[in-house]
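This briefing concerns helix packing, a surface patch and charge pairing in one protein model. Please read it alongside the sequence and structure shown here.

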Amino acid sequence: MRPSAGVRRLRRWLRFDPGPRRRPADLRRAAVGVVWQARCFYLFVVFLTWSDLSTAAVARAGTPTAPLWPVIILNELLGAGWVERLTGIAIAGSLIALLAMVFPGSRLWRIGVCLYLLVVVALRNSYGAITHGHHVLIYVGFALSFLPPAAGRPERMSRGDVLDCVMALWFAQSIVLLAYSLAGFWKLWASGPELLAADGFVRILLNHLLETTRPVPPLMPFLVRHGYLAQFLFLGVVYVEIASLAVLFRPHLHRPWGIALMLAHFGASWALGVAFPSQQFIVGLLLVFSPLAPARFSLLGLARSLPVLGLPFRYAGRRASTPSK
């Protein structure tokens, strides 16, 4: 079986959409929404350049002590002194991101933003410690570089351009959702049978508290005192993460799943002191504001679209639609 055939078979197995079949006009509106998502992403990059991705701390740290491969390449091409010109690099990156926002049809500016993010994130992780909070920005920037040139004039896009926009969105969503599925699978694999222990998550919280010197997160004492509630919430997070990849093919779950993932991040911040603001923004942009999600929320559509847990609702819906003899 060829890989493409296997991918199509997997998509048919994961796909479920109880809503009406999409019309060409619906896809065109979705493509316009993808272009606006790209514009918001590039504006967010400008904001991060002067806030969370600020190069001031890097400039104070001096020459990277454990350079990653993008930094090594730049050292070979430009010499180690290029790190001292970080303010100019930040200004150039901001201008490129602004140009990508104003001219989303220009692949040059979009690729420039992706390369800028790659360099800045690699530089911040070239001092002996690696954090993963901004990696998703690089991946999404790479996915959006595949938008068609017609994205600069979405009102005149051809059918092929519309499909290219939708495919670029799917690519970006798939990268984000696959990362969550892998995170959930790793939790399941690492925990084993202890995942079902009544105090499993409480032990994780206490072990994390012993390993860090940061202040006690505000939600941790409450969860430690209510172990059963903490374990129920932890199992819910594991389910949401593992099933995330299936959400790519289930439009009724885009917005609810995005909200659930953002709440999981808030919970991790309040219970473990681990925050990923960039990841939360990307989830909100690509899923909560997904242009492929149905215009009107349907609780039944949500219930029937749930991976595994939605099977009884689908079965009940088939029985209700089957005429009695």
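Why are D26 and R29 separated by about one helical turn? The two residues lie three residues apart in helix α2, and therefore about one helical turn separates them. The model is a predicted one, in which local features need pLDDT of at least 70 and side-chain atom pairs count only at pLDDT 80 or more, whereas totals for chains, interfaces and linings use all residues. Residues are numbered from 1 along each chain as its sequence is written, and side-chain values use heavy atoms, with hydrogens and water left out.

**Charge pairing**
- D26 and R29 form a salt bridge, with 2.4 Å between the closest N and O atoms.
- The structure holds four salt bridges (a side-chain nitrogen of Lys or Arg within 4 Å of a carboxyl oxygen of Asp or Glu).

**Packing of α7 and α8**
- Helices are DSSP runs of H or I with at least four residues, numbered from the N terminus.
- The axes of α7 (residues 135–144) and α8 (residues 159–191) come within 8 Å and cross at roughly 160°; axes are lines fitted to C-alpha atoms over the stretch in contact, and angles run from 0 to 180 degrees between N-to-C directions.
- The two helices, α7 and α8, are therefore roughly antiparallel, a term for angles over 145 degrees.
- Their crossing is right-handed (the near helix is turned clockwise from the far one by less than a right angle; anticlockwise is left-handed).
- V136, Y139, V140, F142 and A143 of α7 meet A168, F171, A172, I175 and V176 of α8, contact being heavy atoms within 4.5 Å.

**Packing around α2**
- Helices α2 and α5 pack at about 165° with axes 8 Å apart, and are therefore roughly antiparallel.
- The crossing of α2 and α5 is left-handed.
- Among the α2 residues that meet α5 are R39, Y42 and L43; the α5 side includes A90, S94 and L98.
- The axes of α2 and α7 come within 11 Å and cross at roughly 140°, in a left-handed crossing.
- A38, F41, Y42, F44 and L48 of α2 meet L137, V140, G141 and L144 of α7.

**Nonpolar surface patch**
- L43, W50, I91, L95 and L98 make a nonpolar surface patch of about 480 Å².
- Patch residues have over 30% relative accessible area and no salt bridge, with nonpolar side chains (Val, Leu, Ile, Met, Phe, Trp, Tyr) joined within 5 Å; accessible areas come from the Shrake-Rupley method with a 1.4 Å probe, and for residues only the protein chains shown count as cover.
- Helix α5 (residues 86–102) gives the most to the patch, with three residues.
- W50 lies in the loop between α2 (24–49) and α3 (56–61).

How values were computed: Patches are made of residues with over 30% relative accessible area and no salt bridge: like charges are joined within 9 Å, nonpolar side chains (Val, Leu, Ile, Met, Phe, Trp, Tyr) within 5 Å. Angles under 35 degrees count as roughly parallel, over 145 as roughly antiparallel, 65 to 115 as roughly perpendicular and the rest as oblique.
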